[in-house]
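Trainee: Could you go through this model with me? I have a few quick questions.
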Amino acid sequence: MGKLDDNKEEYMQEDIAALSHEITYHKYLLNNGQVRSFFKKLSLPEYLALYIVEETERENAIYSGKTYLKDIADKLQRPIHEISKMAKVLQERGLVVWSHDGDGSEGTYVTITESGRKMLTEQREVLKEYYGRVIKSYGRDNLMQLLQLMKQLETVMSAETEGIEEAKA
């Protein structure tokens, strides 16, 4: 390799390092930023879990309102034991009913209670008010484009993570 090729490679590595930092930084800001302050009665993961339960109930009447913990874990990309802990807390607070099919080996599931539905609606209204202003300022088209690009990035990042996991095994 010549000196020019070495400089190009060094520049590319520096660029990758800078972009890696920017992705990590902005993901941190989105996850831990100001939005967390809008969650008073529910944590962000609890809100998302309740939203998934309500969405599953609405879209899949065939399941009779059941949302399996495995489905929540898959959507939130969290281990099932974390979702089980969360389900226990949500049940203790009266926001879901946690049950199982058969002897439990066929799957455990939650259904949302009226209290859970009410708290989810209250939280949704707080977020709608905030994000309504954000969308108005940022622009709906810009947000739609950004979300599409983020989904593409998340898909690529997940595939890369899976590749690393498989290489370790």
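Trainee: Leaving out residues up to four places away in sequence, which residues does isoleucine 72 touch?
Mentor: Isoleucine 72 touches Ala49, Ile52, Val53, Thr67, Ile83 and Val110, where contact means heavy atoms within 4.5 Å. Please keep in mind that this is a predicted model, in which local features need pLDDT of at least 70 and side-chain atom pairs count only at pLDDT 80 or more, while totals for chains, interfaces and linings use all residues. Residues are numbered from 1 along each chain as its sequence is written, and side-chain values use heavy atoms, with hydrogens and water left out.

Trainee: How many residues does the largest nonpolar core have?
Mentor: That core has 24 residues, and those with the most contacts inside it are Leu50, Ile72, Leu76, Ile83, Leu90 and Val110. A nonpolar core here is a set of buried Ala, Val, Leu, Ile, Met, Phe, Trp, Tyr and Cys residues joined through side-chain atoms within 4.5 Å, and buried means under 20% relative accessible area, exposed over 50% and partly exposed in between, with a 1.4 Å probe and protein chains only.

Trainee: Which elements give two or more residues to this core?
Mentor: They are α2, α3 (69-76), α4 (80-92), β3 and α5, and the largest share, 5 residues, comes from α2. Helices (H or I, at least four residues) and strands (E, at least two) are DSSP runs, numbered from the N terminus.

Trainee: Switching to α5, what does its buried side pack against?
Mentor: The buried residues of α5 are Gly116, Met119, Leu120, Gln123, Leu127 and Tyr130, and they pack against α2 (44-59) and β3 (108-112).

Trainee: And leucine 127, buried or exposed?
Mentor: Leucine 127 is buried, with a relative accessible area of 9%. Leaving aside neighbours within four places in sequence, leucine 127 is in contact with Val35, Phe38, Phe39, Tyr47 and Gly132.

Trainee: What about the surface, which residues form the nonpolar patch?
Mentor: Tyr131, Val134, Ile135, Tyr138 and Leu146 form it, with about 380 Å² of accessible area together, and the largest share, 4 residues, comes from α5. Accessible areas come from the Shrake-Rupley method with a 1.4 Å probe, and for residues only the protein chains shown count as cover.

Trainee: Where is tyrosine 131?
Mentor: Tyrosine 131 is in helix α5 and is partly exposed, with a relative accessible area of 34%.

Methods:
Patches are made of residues with over 30% relative accessible area and no salt bridge: like charges are joined within 9 Å, nonpolar side chains (Val, Leu, Ile, Met, Phe, Trp, Tyr) within 5 Å. A salt bridge is a side-chain nitrogen of Lys or Arg within 4 Å of a carboxyl oxygen of Asp or Glu.
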